[in-house]
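Please look over the sequence and the structure shown here before reading on.

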Amino acid sequence: MTETVDALAGLVAGGGVVVLSGAGLSTESGIPDYRGPSGAARRHTPMTYQAFTRDAQARRRYWARSHLGWRTIARAAPNEGHRAVARLQRGGLIEGIITQNVDGLHTAAGSSQVVELHGRLDEVVCLGCGNQTSREELDRRLREANPDFDARVAAVNPDGDVDLADDEVAGFRTVDCTFCRGGMLKPDVVFFGETVPAARVARCFALVARARLLLVLGSSLTVMSGRRFVVRAAKLGVPVVIVNQGPTRGDGYAALTVDAPLGRLLPALADRTAAAAAVPTVPTGLTGVGR
């Protein structure tokens, strides 16, 4: 792995890096990836915005499943990969982070300038009045409304959803907004069939346009929501490096692809760039070993 780390360090050391991260970065925090080696085999169709807002039964199923899955997300802590990204950013090499994840772990690890493309699962919004509340507060209210709900989690998906049989959710009670008294509550994340806010997308494109290098971490780039930034970088002549376990749909745009566990590779990369930065500058006119 030493040669791989050296190659990556040589590309990252120039700074101006923008990170695009996906679910593969959070697997070592106990949050599964849909498509990677630890992928969760989803047995039900992902919730769509249309079903959530139009079908009360679908909404009940979602909240019952998400109520249980939230416990796994809430317990998750940043792993070595998240912390290494934060170290690289503190070292002045990373200009910004675009994450497709909704777990908030980049921020928890100490990173800044994080654009959460699909929102955050720890925040809840009322679709009626727009009031935002914490997921902890909603969790408390759902527990009070469902004191006898004792379904068991079989598998947790990256978005905090779980697999439950229909008979296990039949009696689950949802709750509404207390601010406007009756508004429909939704996790402040982008569902399938829902559009990422235009201003958020524009901010991501601006980051890519200013980047010297786009570094993709733990994303299969299967959906266009994330892949479009790789396509834009390629069109702008911004080099793309992809680190992921398994092939991605962006490999054809990449100057370098690396198949490696992020929890091992990223700390080694952070160590390597820190060591290189500590090497004294060679005086003008003399030769020496460069980075």
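Ser225 lies in helix α9, which covers residues 224–236, and Ser225 counts as buried because its relative accessibility is 17%, where buried means under 20% relative accessible area, exposed over 50%, and partly exposed in between (1.4 Å probe, protein chains only). Contact in the wider sense means heavy atoms within 4.5 Å, and, leaving aside neighbours within four places in sequence, Ser225 is in contact with Leu117, His118 and Val196.

## How the model was treated

The model is predicted, so local features need pLDDT of at least 70 and side-chain atom pairs count only at pLDDT 80 or more, while totals for chains, interfaces and linings use all residues. Residues are numbered from 1 along each chain as its sequence is written, and side-chain values use heavy atoms, with hydrogens and water left out.

## The chain as a whole

The chain holds ten helices and nine strands, where helices (H or I, at least four residues) and strands (E, at least two) are DSSP runs numbered from the N terminus. Of its 291 residues, 49% count as buried. Among contacts with a separation of 6 or more, 72% are between residues 24 or more positions apart.

## Helix α3

Helix α3 runs over residues 56–75, and its 20 residues reach 29 Å from the first C-alpha to the last, close to the 28 Å expected, a span taken as 1.5 Å times one less than the number of residues. A kink of about 30 degrees is centred on Gly69, the bend being the angle between axes fitted to the seven residues ending there and the seven starting there. At the start of α3, a side-chain oxygen of Asp55 comes to within 2.9 Å of the backbone nitrogen of Gln57.

## The nonpolar cores

A nonpolar core is a set of buried Ala, Val, Leu, Ile, Met, Phe, Trp, Tyr and Cys residues joined through side-chain atoms within 4.5 Å. In the largest one, which has 27 residues, Tyr62, Trp63, Leu121, Leu138 and Leu185 touch the most other members. Helix α3 gives the largest share of this core, seven residues. A second, separate core of 25 residues includes Leu213, Val258, Leu269 and Ala270.

Notes: A polar contact is a pair of N or O atoms within 3.5 Å; within protein, one must be able to donate a hydrogen and the other to accept it, and residues adjacent in sequence count only if both atoms are side-chain atoms.
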